[in-house]
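Here is a short briefing on one protein model. Look at the structure first, then work through the points below.

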Amino acid sequence: MHPAPARPVNDATFSALAGGVTLMQASFTDHAFERHSHDGFAIGVTTAGVQRFRCKGAQYDSQVGDLVLFNPDEDHDGSAGTADGFRYAIWYVPDTFVASCIAPEGERADGRYFTRPCVTDHQMAATFAQLSSNLLATPAESLRAETLLRAFLGTMLARHGERPDAPVVRAGTFAADARMAQVRDYIRTYFQRDLTVADLAAVAGMSRTHLTRAFSAAYHTPPHVYLNSVRVAHACTPIRGGMPLAAVAPECGFADQSHLTRRFKGCVGVTPSGWRDRLRR
């Protein structure tokens, strides 16, 4: 009688690949990601169990071999779809790196994004796994690694990406877009402050209720989720550098160390100290 396979535990490792791309290999049984987003792309493959998440108002169950594809600032959560937990590997890719994969050097890349957050493409999933393993085995070959990553991302975008049509001109559309861009930039600049909806509404020159709806429509994520993602992203650099977490927290807009730990784990899957310990140089 063969023993039952071990259940995944709540754990993750992080490895730098090339071009600013980070590989996360993780397994979770009872950890639930809170609603969050990333400032770049997240491209991964479920390797065991069922990975359940909500994105764009719909629920998805990523099975073994399915690709998970999140665009920048696209909010989502995540948890195990069954009691057995799940495992997955995922790349966090800067949006500038993705843009450079679809436009000749020196030319402006039109926006191109993945059409669905969960797709079945076993050929590309196998290529993802092989490429991740290969790049981890040869960490000193940056030029080769970046070339292979660019080729893979270009193929992925050709198979599962979309190029948005030219925008339809409507009265007030561009003004609204400009105001939401101001709000987004305000959050990025003043993320250390205890921002309120009233603060953001004043920047946009609209009511608080309208502000929340308009920002969510423009960036597919509510303002508070975006703010938390910005804070977590800023916290990564001092955490990696060894700054005490009690000092990182106020530096990045968190009330205290416990607030930082709770929000960081909700987005990344592990605590800040655990993330730092698991980083592979």
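Helix α5 (residues 197–204) packs against helix α6 (residues 208–219) at an angle of about 80°, and their axes lie 9 Å apart. Axes are lines fitted to C-alpha atoms, for helices over the stretch in contact, and angles run from 0 to 180 degrees between N-to-C directions. α5 is therefore roughly perpendicular to α6 (angles of 65 to 115 degrees count as roughly perpendicular). This is a predicted model: local features need pLDDT of at least 70, side-chain atom pairs count only at pLDDT 80 or more, and totals for chains, interfaces and linings use all residues. Residues are numbered from 1 along each chain as its sequence is written, and side-chain values use heavy atoms, with hydrogens and water left out.

**The α5 and α6 contact**
- α5 contributes Val-197, Ala-198, Leu-200, Ala-201 and Ala-204, while α6 contributes Arg-208, Leu-211 and Thr-212 (contact means heavy atoms within 4.5 Å).
- The residues of this contact divide into six nonpolar, one polar and one charged.
- Ala, Val, Leu, Ile, Met, Phe, Trp, Tyr, Cys and Pro count as nonpolar, Asp, Glu, Lys and Arg as charged, and the others, Gly among them, as polar.

**Helix α7**
- Helices (H or I, at least four residues) and strands (E, at least two) are DSSP runs, numbered from the N terminus.
- The 18 residues of α7 (residues 223–240) should span 26 Å at 1.5 Å a residue, and the end C-alpha atoms are 26 Å apart, which agrees.
- The expected span is 1.5 Å times one less than the number of residues.
- In α7, 13 of the 18 residues are buried, so the helix is largely enclosed by the rest of the structure.
- Buried means under 20% relative accessible area, exposed over 50%, partly exposed in between (1.4 Å probe, protein chains only).
- Gly-242 follows α7 and has a positive phi, near 95°.

**The sheet**
- Four strands form an open sheet in the order β3-β8-β5-β6, with antiparallel pairing (two strands pair if DSSP finds at least two bridges between them).
- β3 (33–36) and β6 (58–62) are the edge strands, and each pairs on one side only.
- β5 (residues 51–55) and β8 (residues 76–80) pair over three bridges, and Cys-55 stands opposite His-76 in β8.
- Five bridges join β5 to β6, where Phe-53 stands opposite Tyr-60.
- β5 and β6 form a hairpin with two residues between them, and Lys-56 in the turn has a positive phi of about 55°.

**Gln-192**
- Gln-192 sits in the loop between α4 (173–189) and α5.
- Gln-192 is partly exposed, at 42% relative accessible area.
- Gln-192 and Cys-252 are 60 residues apart in sequence but 5.2 Å apart in space, C-alpha to C-alpha.

Conventions. Parallel < 35°, antiparallel > 145°, perpendicular 65-115°, else oblique.
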